[in-house]
Amino acid sequence: MTTPMQVTSSKLRVPLTDDDHVRGPAEAPVTLVEYADLQCPYCGQAYHRLHELLRQRPETVRLVFRHFPLSNVHPYAELAAETVEAAGVRDQFWAMHDWIFEHQDQLDPVHLSMGCQQLGLPEDEVADEVARHVHLDRVRRDFVGGIRSGVNGTPTFFVNGVRYDGSYELPELIAAVDQAASS
Amino acid sequence: MTDPSGALQPGQPAPEFTLPTGPDRQVSLAESRGRPTVLAFYPADWSPVCGDQMALYQAARPAFDQYGASLLGISVDSVWCHDAFAASAGIEFPLLSDFEPKGAVARQYGVYGPDGYAERALFVLDPQARVSWSYVSPIDVNPGADGILDALDALTSHQARA
């Protein structure tokens, strides 16, 4: 996205809950919340850097993923979000999240189903839950919470509850995390 | 140049207008009477995707709908430009064309910029078409929708008390 700054509020208004998808140690001093759209190319760029960030700072940071699908711009964003939630109830949220970001140009239902197959998920059950929108409320709750916190595009980050408007190049992300850890 | 504080302020009546939203369709502010209205002035169609304010508002529409609010986008672009932009970004709420005389409505609301574009300005109107909240964002900053929802909350609780 091109307008990363925002103005009216700079705090994360929705605190972490057990419902959140968290990657990294629970006791990490830094929590990085990402609002993302699974079909957004900028989120795709961020994905690889976040992966590297977690690898380089394994004790320092944990990542929280929240949905912010702009389905009017990205026609498969909500479908992908519902699919990753269906994987999540089968303890495969992050595996599916990674698969999606690594196959971002192939998020139509046929390819998503192939992704489920590759991860050993029951692809028919998942497709059925997605078709009945079993997980859509969960996705929309994230979205509305993001709107309330002033999320205006994707990806948007909060570091320890404070909006991070800096670059999401790897060195800047590492610096932001290190600074939050030492403050 | 429009003074940064030139935007209409809370308590002021919102000027009535009728603007085209398509080759053969017009929208009047009066149609929104009786419910809250969100007016989103913006500089131009076709700002880059992903961070686009109007595309965001389309996605956020269910949240606005909870307040029964009507949502209108306004820029100085022509109806043909609006049509193409709305189709590309999946926008289904009306985009109004403040095209001729250019910027006339933006001027009435105090948000016509020095370079011939509307500013990035938000107004929340109460059901009687009075301004209950206004905000002018820096031109290159998408202001998001949190301020709008907070204003709709305040309006709703104010009306509940009244």
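User: At roughly what angle do the axes of helix H1 (residues 41-56) of chain A and helix H7 (residues 170-182) of chain A cross?
Analyst: This is a predicted model, where local features need pLDDT of at least 70, side-chain atom pairs count only at pLDDT 80 or more, and totals for chains, interfaces and linings use all residues. Residues are numbered from 1 along each chain as its sequence is written, with chains lettered from A and ligands numbered from 1 in the order in which they are written. Helices (H or I, at least four residues) and strands (E, at least two) are DSSP runs numbered from the N terminus, and axes are lines fitted to C-alpha atoms, for helices over the stretch in contact, with angles from 0 to 180 degrees between N-to-C directions. The H1(A) and H7(A) axes come within 10 Å, and their crossing angle is roughly 45°.

User: Are H1(A) and H7(A) parallel or oblique to each other, and which residues of H7(A) meet H1(A)?
Analyst: Angles under 35 degrees count as roughly parallel, over 145 as roughly antiparallel, 65 to 115 as roughly perpendicular and the rest as oblique. H1(A) and H7(A) are therefore oblique. Contact means C-beta atoms, placed from the backbone, within 7 Å. From H1(A) come A:Arg49, A:Glu52, A:Leu53 and A:Gln56, and they meet A:Leu170, A:Leu173, A:Ile174 and A:Val177 of H7(A).

User: What about helix H4 (residues 109-118) of chain A and helix H5 (residues 123-131) of chain A: at roughly what angle do their axes cross?
Analyst: The two axes come within 9 Å and cross at roughly 135°. That makes H4(A) oblique to H5(A). A:Ser113, A:Cys116 and A:Gln117 of H4(A) make the contact with A:Glu123, A:Val126 and A:Ala127 of H5(A). So, the angle asked for is roughly 135°.

User: Over to chain B: how many residues of strand E6 (residues 120-125) are buried?
Analyst: B:Arg120, B:Leu122 and B:Val124 point one way from E6(B), while B:Ala121, B:Phe123 and B:Leu125 point the other way, and all are buried. In a regular strand, side chains alternate between the two faces of the sheet. E6(B) is largely enclosed by the rest of the structure because its buried residues number six of the six.

User: How many bridges join E6(B) to strand E7 (residues 131-137) of chain B?
Analyst: Strands pair if DSSP finds at least two bridges between them. On one side, five bridges link E6(B) to strand E3 (residues 37-41) of chain B, running antiparallel. E7(B) also runs antiparallel to E6(B), with B:Leu122 opposite B:Tyr135. The number of bridges between E6(B) and E7(B) is six.

Technical notes. Buried ≥ 20, exposed ≤ 12 C-beta atoms within 10 Å, placed from the backbone. Contact = placed C-beta atoms within 7 Å.
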